[in-house]
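Welcome! Take a look at the model first, then read on.

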Amino acid sequence: APQWRLEAGWDRISVAEYNVSPLFRGDLHLTGGEPEVGNISVPAESGAVQSKVSTDIISIMAYYDFFSGNQKQAGSFVPYIGLGLGYADTLTELQLSDIYGDLSSIQDLIIYGDVDENNVFRFYKSSNHASNIAGLGALGISYGITERVFLDFSARVMYIPSIKWKLTNIDNTREKDWFSAKNMIYTNVMFGIRFEF
């Protein structure tokens, strides 16, 4: 049907930063000690993180153009919608800081860092590739310069279920999930020239 068209695409979502200090802030519940003390809570802050994330999405989109007749006409506006699926490859980089000195005392984390010349524990810079299925949607309108060449204006939404940041040891043979982001949504607005074949 002439109203349908397919598009193969590659979207490069450039590096975005996610920085938090402190990473945790809240009440820390303490147990044990003298029986008459019981459970107590103290305010606590822990860690800081500097991170980056970038994503490549390779996708197939199906578009439906709203027009009558057997062919889009030059000199006319044609609105459209689109849906698609894609493969998303996400690279996350993580630099964890122990600014309060409490994380370096956790035995499970010792292999993910080292003590520097100032006797301060430093976590190694870690990176992680994650693969996901991405969902895509688009709304747009095009204007026919000719029957095959169009000015195109569209808004696109890309959905990725989850992205993980991990700690890794010095030679990347061990890793530990540290935190994740769920239901990531990227949006972009595009204006360009579209050629149809």
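A strand here is a DSSP run of E with at least two residues, and strands are numbered from the N terminus. With that in hand, keep in mind that this is a predicted model. The protein has 10 strands and 0 helices, and along the sequence the pattern reads β-β-β-β-β-β-β-β-β-β.

**Overall shape**
- The C-alpha atoms of the protein fill a box of roughly 85 × 40 × 20 Å along the principal axes.
- The radius of gyration of the protein is 25 Å, whereas a compact globule of 197 residues would have one near 16 Å.

**Contacts and surface**
- If you take the contacts between residues at least 6 apart in sequence, 71% of them join residues at least 24 apart.
- Buried residues make up 37% of the 197 residues in the protein.
- The protein has an accessible surface of about 12,200 Å², and carbon and sulfur atoms account for 57% of that surface.

**A nonpolar patch to look for**
- On the surface you can find a nonpolar patch formed by F77, I141, I145, L151, F153, V189, F191, I193, F195 and F197, which together have about 1,200 Å² of accessible area.
- Strand 9 (149-168) and strand 10 (175-195) are the elements that give two or more residues to this patch.
- Strand 10 provides the largest share of the nonpolar patch, with 4 residues.

- F77, one of the patch residues, sits in strand 5, which covers residues 77-97.
- Is F77 buried or exposed? F77 counts as exposed because its relative accessibility is 58%, and exposed means over 50%.

Note on methods. Residues numbered from 1 in each chain as written. Predicted model: local features only at pLDDT ≥ 70, side-chain atom pairs only at ≥ 80, totals over all residues. Heavy atoms only, no water. Patch = residues over 30% accessible without salt bridge, like charges linked within 9 Å, V, L, I, M, F, W, Y side chains within 5 Å. Areas by Shrake-Rupley, 256 points an atom, 1.4 Å probe, with all protein chains shown as cover. Salt bridge = Lys/Arg side-chain N within 4 Å of Asp/Glu carboxyl O. Buried < 20%, exposed > 50% of the residue type's maximum accessible area, 1.4 Å probe, protein only. Rg over C-alpha atoms; globule rule 2.2 N^0.38 Å. Contact = heavy atoms within 4.5 Å.
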